[in-house]
Amino acid sequence: MPPTKSANPIIKISPRGATRLKAGHVWVYRSDITSTDVAPAGSLVTVTDQRGKPFGTALYSSSSQIAIRMLSRDSISDLPALIRERIRAAIAYRRTIVRDTDAYRLVFSEADLIPGLIVDRYNDILSLQILTQAIDTDIVREAVISELTEQIRPAAIMERVDPRVRELETLPSRPSGLLEGTKTSTGFTMNGVHFHYDGLEGQKTGAFLDQRENYAVAVQHAHGEALDVFCYQGGFALHVAPHCSAVTGVDSSRPALEVADQNAALNQREIEWIEANAFDLLKDYASSNRLYDTIVLDPPAFAKTKRDLDSALRAYKELNLRALKMLRPGGILVTCSCSYHVGQSDFLEMLAAAALDTHRTVRLLEIRGQAKDHPVLLNIPETAYLKCVLAAVN
Ligand code: SAH
């Protein structure tokens, strides 16, 4: 259906911007805007090519380099109604793809056609993040909270604020905290493993839900003595513990390890937690010939921008070299990268080079990504960020 006329401000984009949209992407950079009506921060705009042919309706940011995020090929005037509809669709999609967990991502921004809104469910608490001017407006916030309340009936809705994002979007700073209800902590269970959740603490919105399906696959291969490096609150360590003779988790964050220890108690598991810089610890352990049967590497994103790619690959290689050296024959390596800028082929090349340098035979068991509740849109490469490779090492 061709887009109909609307009263939204009109923004014309360059042929380069148009090519991007025609390829199915939803972003237009500020440098690809050629002319614009006055468009208020966070408003709905109609995007057209040079000759005025409309592409559809988008959300406008007055400050981000990503000035335009397309919403629809149609003409939209009622944003709150559209957001409500898309939240319902995102929730319905999760019903078809999420199993064995009461913690999962309900809404994942562009991947659910709601650019700038992330909602994670931790059992009866919802944790949301708002990343764009349009979603931060009072009317959209109200629509989001009311739709989530109606659909999920949570005990509480919390907001996790990323101050850096608010600065980039020139939004006034605001604290993280409760938006609805009074409950701030709960417990959740994924793949039969129990976790504590505290909405006011922790990194990201609380847990690394994107690894949920990878935990379940790691369980199928893990054995013997296991080392979970960058363990955070123990996601991999707790999952593999029933299948391993001993498990050690390593992280530099003491608060994360304290929760990890509580999680171990909750699951009646004995796990050794070590607070250390993983690079130093692996160096020590590798040079003192410590050996393991299962090693997990799940570091933070080393490449925040494209420019960091080389240094990120060097860091990944250092970690993987050491882990490969420390695996007994028949050992299992679970190695991850959550840097979008390190592509899957870059990551596999790095791993191949590490295998060569250590004279190990590395057999790929699985090349995986993020759990399906963090959908990947085929036409938006940026929605695919997590790599998780499982390999058998001889
Ligand atoms: N595997 C975890 C998620 C890891 S996130 C899970 O499944 O839940 C990355 C973790 O690396 C964070 O917990 C962070 O505290 C830790 N970290 C960052 N830099 C580190 C370093 N140099 N040494 C050890 N841990 C580090």
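**Close-up 1. V28 and its partner across the strands.** In this predicted model, V28 has I68 in β6 as its bridge partner. The pairing of β2 with β6 (residues 66-72) is antiparallel and runs over three bridges; two strands count as paired if DSSP finds at least two bridges between them. Strands (E, at least two residues) and helices (H or I, at least four) are DSSP runs, numbered from the N terminus.

**Close-up 2. The six-stranded sheet.** Here the strands line up as β2-β6-β5-β4-β1-β3 in an open sheet with mixed pairing. β2 (27-29) and β3 (33-36) sit at the edges with a single partner strand each, so one side of each has no neighbour in the sheet. From one strand to the next, the twist averages 35°. Helix α2 (residues 79-97) packs on this sheet, touching β4 (44-48), β5 (54-60) and β6 (contact means heavy atoms within 4.5 Å), and its direction makes about 70° with that of β6. Angles run from 0 to 180 degrees between N-to-C directions, with axes fitted to C-alpha atoms, for helices over the stretch in contact.

**Close-up 3. The seven-stranded sheet.** This one is also open with mixed pairing, in the order β16-β15-β14-β17-β18-β20-β19. The twist averages 15° from strand to strand. β14 (residues 225-229) and β17 (residues 292-297) pair in the parallel sense over four bridges, with D228 opposite V296 in β17. Helix α8 (residues 254-266) packs on the sheet against β15 (246-251) and β16, its direction at about 175° to that of β16.

**Close-up 4. Around the ligand.** Y215, F230, D251, A278 and D298 come nearest of the 15 residues around the ligand (a residue is near if one of its heavy atoms lies within 4 Å). Looking at polar contacts (pairs of N or O atoms within 3.5 Å), a ligand nitrogen is 2.7 Å from a side-chain N or O atom of D298. A nitrogen atom of the ligand is also 3.0 Å from a polar backbone atom of F230. On its own the ligand exposes 580 Å², and the protein buries 88% of that (Shrake-Rupley areas, 1.4 Å probe).

**Notes.** Residues are numbered from 1 along each chain as its sequence is written, and side-chain values use heavy atoms, leaving out hydrogens and water. Local features need pLDDT of at least 70 and side-chain atom pairs count only at pLDDT 80 or more, while totals for chains, interfaces and linings use all residues.

Note on methods
Polar contact = N/O pair within 3.5 Å; in protein donor to acceptor, adjacent residues only side chain to side chain.
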